[in-house]
Each structure stands twice: as structure tokens, then as C-alpha cells.
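This report covers the fold, the nonpolar cores and the aromatic contacts of one protein model. Start with the structure itself.

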Amino acid sequence: MPILLIPAALLTLALVWALRGSGDLPSRIVALAARRLPAHRADWGQAMIAELTGIPGRGRRWRFAAGVLRVTLFPPHRRPGWVLAGAAAGLALATGATWVTASTVPTLSVFVAALGFSLCAGAVVMVTRSLRPRPAASRVAVSVVALAGVAATVTTVVRVASAHPAATDDHSRYVVSVLFAVILTGYLAVAVTPRQLANGANAALWWGLAGAMASTAAWTIRTLTGSAGTGGMTEYLSPVAAAATLAVSIGAATTTRNWRAGARAGTLTAILGAPLHFTIAMTALLGQHRYTLTSPYDVAAFPHSGYPDVASYVLSDALDGNILAGLVLYPVVLIALASLAALASTGLRQLTTRNSAQPTG
């Protein structure tokens with residue numbers, strides 16, 4: 001799908017930016033992996049960076065980098081048996097949920113299978129990477145909102161499939177279904193995984209949570225007043241959403257004096273708000289009692305689409321639009337805006353501080 005090229009290009013640029021620096025690619029990969037390690041493994045990461053400098057040969061360096069990356073993603077756990085047991089239980093639950101879905105709402109079986117197995121894999125990674133038994137209140141609050149948003153999104157899709165099965169009965173949607181599941185899992189991973197920030201970690205979480213709630217409240221008001229559409233890039237990238245993201249990223253970066261904290265706050269504003277916006281938009285559309293085709297293209301395409309009624313056609317198109325625009329392009333663009341705003345605000349503050357510190361003649 002051509003629309004997916006935009007986030008793919010942006011993610012590629014983000015990866016290039018993350019791997020920037022001196023040295024060959026294996027050394028940059030090891031340095032990036034070391035920065036993503038939990039705090040209790042930071043010393044091990046620095047030791048791996050130092051050890052790589054003494055390894056000759058391109059092949060050996062690549063194998064070493066791959067090993068460090070594997071340990072970073074799946075570090076050894078103190079109780080590996082518990083991890084394996086949890087993984088087995090998760091796989092069993094995912095298999096059972098897929099079987100139940102195939103029997104009751106068969107059009108969602110691919111989506112449920114992809115979501116179940118991706119959530120299981122994500123949970124295993126989180127368990128092996130974290131040793132914090134008592135997370136901070138800010139992290140708990142963000143995790144609860146993230147879980148609620150994903151649960152609401154899944155519930156809304158199930159409601160659509162139950163009321164209008166044909167809206168989700170399309171083999172060409174399998175790619176979108178898998179993408180949908182991976183995105184929701186990624187949202188949870190970003191929201192619940194702690195980040196190593198020099199300062200302002202908790203502040204970034206509270207700022208991001210406040211921004212997500214503010215943008216969701218504004219989106220709810222727009223929907224209730226009938227001023228919001230059923231999806232699309234221009235609808236999701238409303239001035240309110242952009243303003244909330246920019247305000248949060250600038251506010252967090254300024255108060256913490258850390259641009260990464262600002263970028264983290266803006267990222268949370270986007271990924272916590274996106275599932276809630278999806279739920280509100282699709283719930284409003286599902287609550288309509290009469291569906292009409294307003295676009296000349298839709299009027300001409302519907303008779304040849306194979307859908308049994310206008311409602312299924314409209315809901316299917318809205319689902320694709322809300323997934324691709326609302327859950328892919330919307331967060332990617334807003335995260336980019338948040339990062340740029342955080343960098344600009346911290347850079348301006350540093351420039352002002354240097355200018356004020358210079359002696360006047």
C-alpha cells in the first residue's frame with residue numbers, strides 16, 4: 001500500500017539517526033543496544049562496547065554485535081523456568097482466543113491470532129528486561145491508560161464485526177489486520193517500558209498523560225458536536241492534536257532541561273491518544289442508524305465492491321482509514337513534531353543561557 005511508504009521512510013530515517021556516530025556499523029549497533037539496556041545492566045553494556053574495540057575482522061565483529069543485540073532484546077532472567085512457563089501460558093491463551101474467534105467472529109481470526117502472539121512475545125521481552133517490582137505511580141497510570149485504550153480499540157472492532165461481519169470480511173485486509181495487531185502491541189510496549197533519561201523520567205510520563213487526556217477530550221467534543229469526520233489524515237492531524245503535542249513536548253523539555261524527556265512526553269501524547277481517538281470515531285460511526293454514500297467514487301464503486309449493504313462498505317472503508325491514518329500516520333507525524341519541538345526548545349534555552357552568561361563590554 002503506497003500510504004505505508006510514508007511511515008516506513010520516517011522509521012528508516014529514525015533508525016539512521018539512532019545509528020549515527022563514529023565507527024563502523026557493528027560498533028554503532030552495540031552502542032545503540034547499550035543505551036537501551038535497563039539501568040541494572042548498564043555496566044555490562046559499557047563493557048561490551050569496550051570489548052568490541054579489541055575484536056578484529058568484519059565477520060567476528062558482526063557476530064559479536066548480533067550477540068549483544070540478542071542479549072539486549074532477550075536478557076537472561078533469574079528464573080528462566082518462570083519465563084518459559086509464562087510464554088507457554090500466553091501461547092495457549094492466544095491459541096484459545098483464536099479458536100474462539102474463528103468459531104464466533106471468523107472475520108477477525110487473523111487479527112486476534114496476530115494480536116495474541118505479538119502480545120505474548122512482547123510480554124516475554126518485558127519480563128526479561130525489567131527487574132523493577134514497584135514501578136512509579138506515573139508509569140502505572142500511563143500503563144493503565146495504554147491498556148484501556150488498546151482494550152477499547154479491540155472491543156470496538158469486535159462490535160463492528162459482530163454487527164456487520166462483511167465490514168471485516170476481506171482477504172485483502174489480512175495485511176492490515178496483522179499491521180493493526182503489531183501497532184497495538186508496539187503502543188503498549190512504548191507506553192509501559194521505562195526509558196533511561198538523565199532526568200525528568202516521571203515528569204515526561206505525567207506530561208504525556210496530560211497531553212493525551214487533553215487531546216482525547218477535545219476529540220470527544222468534536223465528535224459529539226458533529227464537527228469531526230470518520231477518519232483520515234486531515235481529521236486526525238487536527239490543530240488541537242498538534243497543539244497538544246507541541247505544548248507537551250516543549251513544556252516537558254523546558255521544565256526538565258532534557259529534550260529526550262520532551263520527545264518522550266510528546267510520543268506518549270500521540271500513542272496514548274491514538275487508540276482512544278480510534279475508538280471514539282468508530283463508535284460514533286457505528287452508532288449511526290442510516291449510512292449514505294456521499295463521494296462520487298464510492299457511489300460508483302459500491303455496486304462492484306461485493307459488500308451486501310452500504311453500512312458494511314462504509315464501515316470497512318472507515319476501519320482501513322482509521323487504522324492507516326489514525327494509528328500509523330497520525331502518531332508518526334506527531335512524534336516527529338514533538339522531537340523537533342523538544343530539540344528546538346532545549347537548544348533555545350541553552351543559547352539564551354550562554355548569551356546571558358557572556359560578560360558585556
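Rings of Phe, Tyr and Trp, the last through its six-membered ring, pair if their centres lie within 6.5 Å. Planes under 30 degrees apart count as stacked, those over 60 as edge-to-face, and the rest as tilted. By that rule, Phe111, Phe180 and Phe278 form one aromatic cluster. The model is a predicted one.

**Overall fold**

The protein holds 14 helices and zero strands. Read along the sequence, the pattern is therefore α-α-α-α-α-α-α-α-α-α-α-α-α-α. Of the 361 residues, 43% are buried. Take the contacts between residues at least 6 apart in sequence: 78% of them join residues at least 24 apart. The accessible surface comes to about 18700 Å². Carbon and sulfur atoms account for 68% of that surface.

**The aromatic cluster**

How many aromatic pairs does the structure hold? The count is four. A pair of aromatic rings is described by the distance of the centres and the angle of the planes. Two of the pairs are set out here.

| Pair | Centre distance | Plane angle | Class |
|---|---|---|---|
| Phe111 and Phe180 | 4.8 Å | 20° | stacked |
| Phe180 and Phe278 | 5.6 Å | 40° | tilted |

Why is the pair of Phe111 and Phe180 stacked? The planes of Phe111 and Phe180 meet at 20°, and stacked requires under 30 degrees. Phe111 sits in helix α6 and Phe180 in helix α8, so this pair ties together parts that are 69 residues apart in sequence. The rings of Phe180 and Phe278 have planes at 40°, so that pair is tilted. Phe180 in helix α8 and Phe278 in helix α12 are 98 residues apart, and their pair links distant parts of the chain.

Phe180 has 3% relative accessibility, so it counts as buried. Phe111 also counts as buried, because its relative accessibility is 3%.

**Nonpolar cores**

In soluble globular proteins, nonpolar side chains tend to be buried together. Here the largest nonpolar core has 49 residues. Phe111, Phe180, Leu272, Phe278, Met282 and Leu315 touch the most other members. The elements giving two or more residues to this core are α6, α7 (137-163), α8 (174-192), α9 (201-224), α11 (239-256), α12 (259-286) and α14 (310-357). The largest share, ten residues, comes from α14. A second, separate core has nine residues, including Val30, Leu52, Phe64 and Val68.

Helix α8 has 19 residues. At 1.5 Å a residue it should span 27 Å, and its end C-alpha atoms are 27 Å apart, so the two values agree. Its buried residues include Val176, Phe180, Ile183, Leu184, Tyr187 and Leu188.

Helix α9 has 24 residues. From first C-alpha to last, α9 reaches 35 Å, close to the 34 Å expected at 1.5 Å a residue. Among the buried residues of α9 are Leu205, Gly208, Leu209, Ala212, Trp219 and Arg222. An α-helix has 3.6 residues a turn, so residues three or four places apart point the same way.

**Helix α6 and Ser109**

Ser109 lies in helix α6, which covers residues 109-129. At 18% relative accessibility, Ser109 counts as buried, because the cut-off is under 20%. Leaving out residues up to four places away in sequence, Ser109 touches Thr98, Thr101 and Ala102.

How values were computed
Residues numbered from 1 in each chain as written. Predicted model: local features only at pLDDT ≥ 70, side-chain atom pairs only at ≥ 80, totals over all residues. Heavy atoms only, no water. Helix = DSSP H or I, 4+ residues; strand = E, 2+ residues; numbered from the N terminus. Buried < 20%, exposed > 50% of the residue type's maximum accessible area, 1.4 Å probe, protein only. Contact = heavy atoms within 4.5 Å. Core = buried A, V, L, I, M, F, W, Y, C linked by side-chain atoms within 4.5 Å. Areas by Shrake-Rupley, 256 points an atom, 1.4 Å probe, with all protein chains shown as cover. Expected span 1.5 Å × (residues − 1).
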